[in-house]
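Please look through the structure below with its sequence alongside.

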Amino acid sequence: MRRKGKKNKLKVKPNKDQKQINKIENQTSGLLEGASVIGQASKTAPLAVIYRSEMDYISRCIGDYPNIETGGQLFGFLQEDGVAVVCYAIGPGKSANHQVTFFNQDTEYLQTVYNEISRKYGLRYIGEWHSHHQLGLAKPSGHDALTVIHGIQRHNFQNFLLCIGNCDRSARSTLNAFSFNINSITQYKHVPWRIIEIESPYRNLIDNSLRGLICHPRTTKASYGPNYILSAMGNASMVTPNYDEEYWLNNKNNNQVLKNIIDFLKNQGGATSQVKPFLDEEKKVHLVVISGNDNIEIYFGNKFPLSAPIFKKSNGDVIEPHVKWECGDNIYESFVTYYKMLNINVI
Ligand SMILES: [Zn+2]
């Protein structure tokens, strides 16, 4: 059964503003018409999850347009509690309309990309982002909120994520996440990010599969102002998540090394194990390996890979290494060798 605009319960007089909203909705709702109902959570989600690669991608898109609006869509899935997990973000298509105070996506681009992503990879449309560049408004405008509210009601979406980007004169960007739920439609919440500190498994996959179709940002490097981020301990605070200049993960190739290390640890722990990467206040990566009721933590300090990764038990005690860390050219293999020699039995 097709759902059309008739289902909209909000009866607003068709004044000039409303006409404008309808126009924008029509411009951006090509995707919404084809998207199915998502999420079942009855409450506003308390946080939003995003892979580091996708946060970087949006930062680069914002960097392309420091003085006018730009934007794009977010694809991924919703957890049972309505928390959105952003697995793949897109920026503007070639025919997008960028203005100082508004942005309209290239609907043909959006529809084509969405069709491919949903058909091939099962990712869903879970939110949108747009940049208020240097306007100084780090939250949705009244118009932004109304547009989302109308869209959610019209299509009966349970949860939706609207992200507002900003940047400063040095092109350092921020991205604030606002969580909407259909049951408390006007009470949308500013929620912290939990950033998964690795490249999204979908980034290269979809970029390669849709090569020539996806419009990528020209800005090559992400740059950040303070973002509202959830730490490993569960505290939300404003942090600037750039790695220190000399930190090993500043080298893009090492992001893949970290991913390989995570995959290795998952395999070691069996089917029920989980490996969660976190960034601490010092902007260093910790991996928490959870298996059953036990866990270990692996910390990659400022001197890694010159100095060894540090292993801690669940009670916080450092596992004293009885073997020497030796880092060859291949960091991944050095890690695996060291791990096996340490003979960690916790997992
Ligand atoms: Zn806006």
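Predicted model: local features only at pLDDT ≥ 70, side-chain atom pairs only at ≥ 80, totals over all residues.

Helix 7 leads directly into Gly270, a residue with a positive phi, near 85°.

The protein chain contains eight helices and 16 strands. It has 347 residues, of which 37% count as buried. Among contacts between residues at least 6 apart in sequence, 67% join residues at least 24 apart.

Helix 7 covers residues 252-269, and at 1.5 Å a residue its 18 residues should span 26 Å; the end C-alpha atoms lie 27 Å apart, which agrees. Its buried residues are Leu258, Ile261, Ile262, Leu265 and Gly269. Because these cover an arc of only 100° around the axis, they sit on the same side of helix 7. The face turned away from that buried side carries the exposed residues Lys252, Asn253 and Asn267.

What do the buried residues of helix 7 pack against? Their partners are strand 13 (274-279), strand 14 (285-291) and helix 8 (331-342).

Helix 5 can be read in a similar way. With 14 residues, 142-155, helix 5 should span 20 Å at 1.5 Å a residue, and its end C-alpha atoms are 20 Å apart, which agrees. The buried residues here are Thr147, Val148, His150, Gly151, Ile152 and Arg154. Just after helix 5 comes Asn156, with a positive phi of about 60°.

How values were computed
Residues numbered from 1 in each chain as written. Helix = DSSP H or I, 4+ residues; strand = E, 2+ residues; numbered from the N terminus. Expected span 1.5 Å × (residues − 1). Buried ≥ 20, exposed ≤ 12 C-beta atoms within 10 Å, placed from the backbone. Arc of directions from axis to C-beta. Contact = placed C-beta atoms within 7 Å.
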